[in-house]
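Biologist: I would like to learn how to read the packing of a model step by step, beginning with the whole chain and then going element by element. Could you take me through it in that order?

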Amino acid sequence: MNRLAFAAAIAAVLTATPALADDKGREVAAVMTEYVKLWNAGDAGAITSRIYRFDSPNPMGDKAGLEAQFAQLKKEGYDHSETQAIEACVIGPNQAMAEMRYTRLKTDGTPLGPKDRAGLYLLRKFPEGWRITRIVGMSASADLTCRSAAE
């Protein structure tokens, strides 16, 4: 295989794999991937019952609040989100964080500004699994590296 073909193959793998996590973070990355799937489906009930468990009051923490958020986005022309990357790690026995980079797209395929978005998600493990307990907005120009804690 020549160098150009090899570079193209590596680039294809890297761009086709939006979730990045060390071994311990893979389960958290899977939760985040499921979150995006449910978000794109507009499934407020599933998100608020299976994904969110906020530590403090959040207007999106219940089904009605999240449905209102979806309705507002739809008014702005929102259609779905595309994820560029998810980096996840376990930072304590029952704590994790995930950085997600994404773009919100309108029905005409153009970005619902800003084009490049990023968020930091704090998660805690409950008996029923990992749940997002806090969402922190962050600049898309920030660079966060996440490595799981040693046992």
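Biologist: What percentage of the 151 residues in the protein do buried residues make up?

Modeller: This is a predicted model, and in it buried residues make up 38% of the 151 residues. The secondary structure comes to four helices and five strands, and from the N terminus on the elements run α-β-α-α-α-β-β-β-β. Of the contacts with a separation of 6 or more, 54% are accounted for by residues 24 or more positions apart.

Biologist: How is the packing of two helices described?

Modeller: Two packed helices are described by the angle between their axes and by the distance between those axes. In this structure, helix α2 (26-41) and helix α3 (residues 44-51) pack at an angle of about 155°, with their axes 9 Å apart. Since an angle over 145 degrees counts as roughly antiparallel, α2 and α3 are therefore roughly antiparallel to each other, and their crossing is left-handed. On the α2 side the contact is made by V31, E34, Y35, L38 and W39, and on the α3 side by A46, I47, R50 and I51. Sorted by class, this contact of α2 with α3 has seven nonpolar, no polar and two charged residues.

Biologist: At what angle do helix α3 and helix α4 pack, and how far apart are their axes?

Modeller: Helix α3 and helix α4 (residues 63-75) pack at an angle of about 130°, with their axes 8 Å apart, and the two helices are therefore oblique to each other. The crossing in which α3 passes α4 is right-handed. Here A44, G45, I47 and T48 in α3 meet K63, L66, E67 and F70 in α4. By class, the contact of α3 with α4 has four nonpolar, two polar and two charged residues.

Biologist: Which residues of α3 are buried, and what do the buried residues pack against?

Modeller: As a general idea, an α-helix has 3.6 residues a turn, so residues three or four places apart point the same way. In α3 the buried residues are A44, A46, I47, T48 and I51, and these buried residues pack against α2, α4 and β5. I47 is among the residues of α3 in the contact with α2, and I47 also belongs to the group in α3 that meets α4.

Biologist: Turning to the strands, why is strand β4 described as largely enclosed by the rest of the structure?

Modeller: A residue counts as buried when its relative accessible area is under 20%. Strand β4 (residues 117-126) has seven of its ten residues buried, so it is largely enclosed by the rest of the structure.

Biologist: Which strands do bridges join to β4?

Modeller: Strand β3 (residues 95-106) is joined to β4 by eight bridges, and the two run antiparallel; within this pairing, Y102 stands opposite R117 in β4. Nine bridges join β4 to strand β5 (residues 129-138), and these strands also run antiparallel, with Y121 standing opposite I135 in β5. A hairpin joins β4 to β5 through two residues.

Biologist: Where does P114 lie, and how far is P114 from T103 in space?

Modeller: P114 lies in the loop between β3 and β4, and P114 is partly exposed, with a relative accessible area of 49%. P114 and T103 are eleven residues apart in sequence, and from C-alpha to C-alpha they are 7.8 Å apart in space.

Technical notes. Residues numbered from 1 in each chain as written. Predicted model: local features only at pLDDT ≥ 70, side-chain atom pairs only at ≥ 80, totals over all residues. Heavy atoms only, no water. Axes fitted to C-alpha atoms, helices over the stretch in contact; angles between N-to-C directions. Parallel < 35°, antiparallel > 145°, perpendicular 65-115°, else oblique. Left-handed = near helix turned anticlockwise from the far one by under 90°. Contact = heavy atoms within 4.5 Å. Nonpolar A, V, L, I, M, F, W, Y, C, P; charged D, E, K, R; others polar. Buried < 20%, exposed > 50% of the residue type's maximum accessible area, 1.4 Å probe, protein only. Pairing = 2+ DSSP bridges.
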